[in-house]
Amino acid sequence: MESLGPIITQLIAGAIGGNGASAVLKQDGINLVARTIAGAVGGLGGGLILNLIGSEALTGYIAQGLSSLVAGGVLSAIVGAVLGRK
């Protein structure tokens, strides 16, 4: 159960970051479900990258949450920009 903690943190923080970034950018190109999924995937990716390049100081829940929040927001913004064009 200990190994699921960081993954759950990354998913939740990424989803929050994805929805937050889409709200700030006022993207209407993708719906709530797509923003949440894109953010969660970005959060997992951000957490993975942090674990690969980070040290012991960067592997805590707060560091993973922040990196996942940012990565989820970035990926959701990119997906919204690409899908928002018509």
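Before the first stop, one cut-off: a polar contact here is a pair of N or O atoms within 3.5 Å, where, within protein, one must be able to donate a hydrogen and the other to accept it. Bear in mind that this is a predicted model.

Start by selecting Ser-68. You'll find Ser-68 in helix H3, which runs over residues 61–84. Is Ser-68 buried or exposed? Its relative accessibility is 0%, so Ser-68 counts as buried. Now show the Ser-68 side chain and the backbone of Gly-43: the side chain reaches the backbone oxygen of Gly-43 at 3.0 Å. Leaving aside residues up to four places away in sequence, Ser-68 also touches Gln-10, Ala-13, Gly-14 and Gly-47.

Next, follow Gly-43 into its helix. Select residues 32–53, which make up H2. This helix has 22 residues and spans 31 Å from first C-alpha to last, close to the 32 Å expected at 1.5 Å a residue. Colour its buried residues: among them are Gly-39, Gly-42, Gly-43, Gly-46 and Gly-47, along with Arg-35 and Leu-50. What covers the buried residues of H2? Bring up H1 (4–25) and H3, as the cover includes both of these helices.

Last stop: select Ile-16, which sits in H1. Ile-16 has a relative accessible area of 52%, so it is exposed. Ile-16 and Gly-73 lie 57 residues apart along the chain, and their C-alpha atoms are separated by 7.9 Å.

Key. Residues numbered from 1 in each chain as written. Predicted model: local features only at pLDDT ≥ 70, side-chain atom pairs only at ≥ 80, totals over all residues. Heavy atoms only, no water. Helix = DSSP H or I, 4+ residues; strand = E, 2+ residues; numbered from the N terminus. Buried < 20%, exposed > 50% of the residue type's maximum accessible area, 1.4 Å probe, protein only. Contact = heavy atoms within 4.5 Å. Expected span 1.5 Å × (residues − 1).
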